[in-house]
Amino acid sequence: MHIESPKKTIEKSPETIYNFLNDVNNYKKLMPDSISKFEILNEKRFLFALKGMPDIVLELKNSVPYNKVVLGAASDKLPFTLTANIKELTENSSEASFEFEGEFNAMMSMMIKGPITKFIQTLAENLQTI
């Protein structure tokens with residue numbers, strides 16, 4: 001399953017956005033209002049839960065300076081990645097979007113597509129306010 005958020009223009013340099021997204025402490029600022037739990041597990045991992053959803057542990061998997069930050073599920077039960085793509089527009093503005101990529105059966109895909117789509121849209125919108 002592949003889901004993309006709309007691209008958002010952010011009045012920050014790619015370096016600023018990249019550094020923000022590489023610090024797991026900052027993800028709490030991007031979470032939707034429906035968050036019911038957020039815990040830092042270590043410098044590369046955090047746990048969060050949205051109301052009515054199970055806990056999810058994400059960890060920093062990979063990054064390409066000023067262009068991309070990849071988070072992945074820490075559990076193999078639900079393997080997926082959440083990638084932030086950053087593109088420079090000018091010295092002090094960027095375009096950013098999130099991509100969700102996961103391997104799920106048809107039933108699971110049907111159940112999570114709506115909530116995941118809304119979730120990554122919220123991440124992108126909230127990134128505009130950093």
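Author: Start with a network: salt bridges link Arg 45, Glu 59 and Lys 61. A salt bridge here is a side-chain nitrogen of Lys or Arg within 4 Å of a carboxyl oxygen of Asp or Glu. This is a predicted model, where local features need pLDDT of at least 70, side-chain atom pairs count only at pLDDT 80 or more, and totals for chains, interfaces and linings use all residues. Residues are numbered from 1 along each chain as its sequence is written, and side-chain values use heavy atoms, with hydrogens and water left out.

Reader: How many salt bridges does this rule give?

Author: The count is 3. Take Arg 45 and Glu 59: their side chains meet at 2.8 Å, N to O. Arg 45 lies in strand 4 and Glu 59 in strand 5, so this pair ties together parts 14 residues apart in sequence. Strands (E, at least two residues) and helices (H or I, at least four) are DSSP runs, numbered from the N terminus. Glu 59 also meets Lys 61, at 2.8 Å, N to O.

Reader: Is Glu 59 buried or exposed?

Author: First, the cut-offs: buried means under 20% relative accessible area, exposed over 50%, and partly exposed in between (1.4 Å probe, protein chains only). Glu 59 is buried, at 17%. Arg 45 is partly exposed, at 28%. Lys 61 is partly exposed too, at 46%.

Reader: Which side chain does Asp 55 meet in a salt bridge?

Author: Asp 55 meets Lys 37, at 2.9 Å, N to O. The pair links distant parts of the chain, 18 residues apart: Asp 55 is in the loop between strand 4 (45-50) and strand 5 (56-64), and Lys 37 is in strand 3 (residues 35-42). Asp 55 is partly exposed, at 41%. Lys 37 is partly exposed, at 33%.

Reader: Now the pockets. Which residues lie nearest the centre of the largest pocket?

Author: The general idea comes first. Rolling a probe the size of a water molecule over the atoms shows where empty space is left. On a 1 Å grid over the protein atoms alone, a pocket is an open set of points where a 1.4 Å probe fits, with protein on both sides within 12 Å along at least five of seven lines; lining residues have an atom within 4 Å of a point. In this model, 23 residues line the largest pocket, and Pro 54, Asp 55, Ile 56, Leu 78 and Phe 80 lie nearest its centre.

Reader: Which element gives the most to that lining?

Author: Helix 3 does, with 6 residues.
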